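Here is a briefing on one protein chain. Please look over the sequence and the model before reading the points below.

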Amino acid sequence: QLQVAESGGGLVQPGGSLRLSCVVSGFTSDDYAIGWFRQAPGKEREGLSCISVSSGGASTADSVKGRFTVSLDKAKSTAYLQMNSLKPEDTAVYYCAAGGFCTVVDGSPHDYGMDSWGKGTLVTVSS
């Protein structure tokens, strides 16, 4: 059974940093991808970044490129989302998902291909 669990959210001041973690279990090979998404109150879910476990290739949405970086520790089956220079508009519930492949639409990761989702972790950027 595929399981995805994210952690690392919390309250941070504007300009601060956070690193989110996503542990994935249940895959029998490295042929899958891990995506990061977020949903702010009253807004649609937004794709942030996606990384292929087999190749390490990654894509990041233009809206957060330069501030957010995805990385992978294959040995730990864990992906990370390093978020720097956080802004109040980054406040949202952040989700991790895993599936067969990354899909990018108009420069942003899409949830097509993501089959298993974590419960989300809240990130609040406020002074």
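The points below cover disulfides, nonpolar cores, one threonine and the aromatic rings.

This is a predicted model, in which local features need pLDDT of at least 70, side-chain atom pairs count only at pLDDT 80 or more, and totals for chains, interfaces and linings use all residues. Residues are numbered from 1 along each chain as its sequence is written, and side-chain values use heavy atoms, with hydrogens and water left out.

**Disulfides**

- The structure holds 2 disulfides; the term stands for a pair of cysteine sulfur atoms within 2.5 Å.
- Taking the bonded cysteines of the chain in sequence order, the pairing reads 1-3, 2-4.
- C22 and C96 are joined with their sulfur atoms 1.8 Å apart. The angle about the S-S bond is -70°, a left-handed link.
- This pair links distant parts of the chain, 74 residues apart: C22 sits in strand β3 (residues 18-25) and C96 in strand β9 (residues 92-99). Strands are DSSP runs of E with at least two residues, numbered from the N terminus.
- C22 is buried at 0% relative accessibility, and C96 is buried at 0% as well. Buried means under 20% relative accessible area, exposed over 50%, and partly exposed in between, with a 1.4 Å probe and protein chains only.
- C50 and C102 form a disulfide with a sulfur separation of 1.9 Å. The link is left-handed, with -90° about the S-S bond.
- C50 belongs to strand β5 (residues 46-52) and C102 to the loop between β9 and β10 (103-105), so the pair ties together parts 52 residues apart in sequence.
- C50 is buried at 3% relative accessibility, whereas C102 is partly exposed at 28%.

**Nonpolar cores**

- The largest nonpolar core has 27 residues, and C22, I34, W36, F68, L81, M83 and Y94 touch the most other members.
- Elements giving two or more residues to this core are β3, β4 (33-39), β5, β7 (68-73), β8 (78-83), β9 and β13 (121-125).
- A second, separate core of 5 residues includes A33, F37, A97 and M114.
- A core here is a set of buried Ala, Val, Leu, Ile, Met, Phe, Trp, Tyr and Cys residues joined through side-chain atoms within 4.5 Å.
- L81 is in contact (heavy atoms within 4.5 Å) with residues including L18, L20, W36, L48, F68, V70 and Y94, leaving aside neighbours within four places in sequence.

**T121**

- T121 lies in strand β13 and is buried, with a relative accessible area of 11%.
- A polar atom of the T121 side chain is 3.0 Å from the backbone nitrogen of G9.
- Not counting residues up to four places away in sequence, T121 touches E6, S7, G8, G9, L20, A92, V93 and Y94.

**Aromatic rings**

- The count is 3 aromatic pairs. Rings of Phe, Tyr and Trp (its six-membered ring) pair if their centres lie within 6.5 Å; planes under 30 degrees apart are stacked, over 60 edge-to-face and the rest tilted.
- The ring centres of F37 and W117 are 4.9 Å apart and the planes meet at 45°, so the pair is tilted.
- F37 is in strand β4 and W117 in strand β12 (residues 114-117), so the pair ties together parts 80 residues apart in sequence.
- F37 is buried at 2% relative accessibility; W117 is partly exposed at 28%.
- R45 lies over the face of W117, 4.1 Å from the ring centre.
- R19 lies over the face of Y80, at 4.1 Å from the ring centre.
- A charge sits over a ring if NZ of Lys or CZ of Arg is within 6 Å of the ring centre and within 35 degrees of the ring normal.

Definitions and conventions. Helices (H or I, at least four residues) and strands (E, at least two) are DSSP runs, numbered from the N terminus. A polar contact is a pair of N or O atoms within 3.5 Å; within protein, one must be able to donate a hydrogen and the other to accept it, and residues adjacent in sequence count only if both atoms are side-chain atoms.
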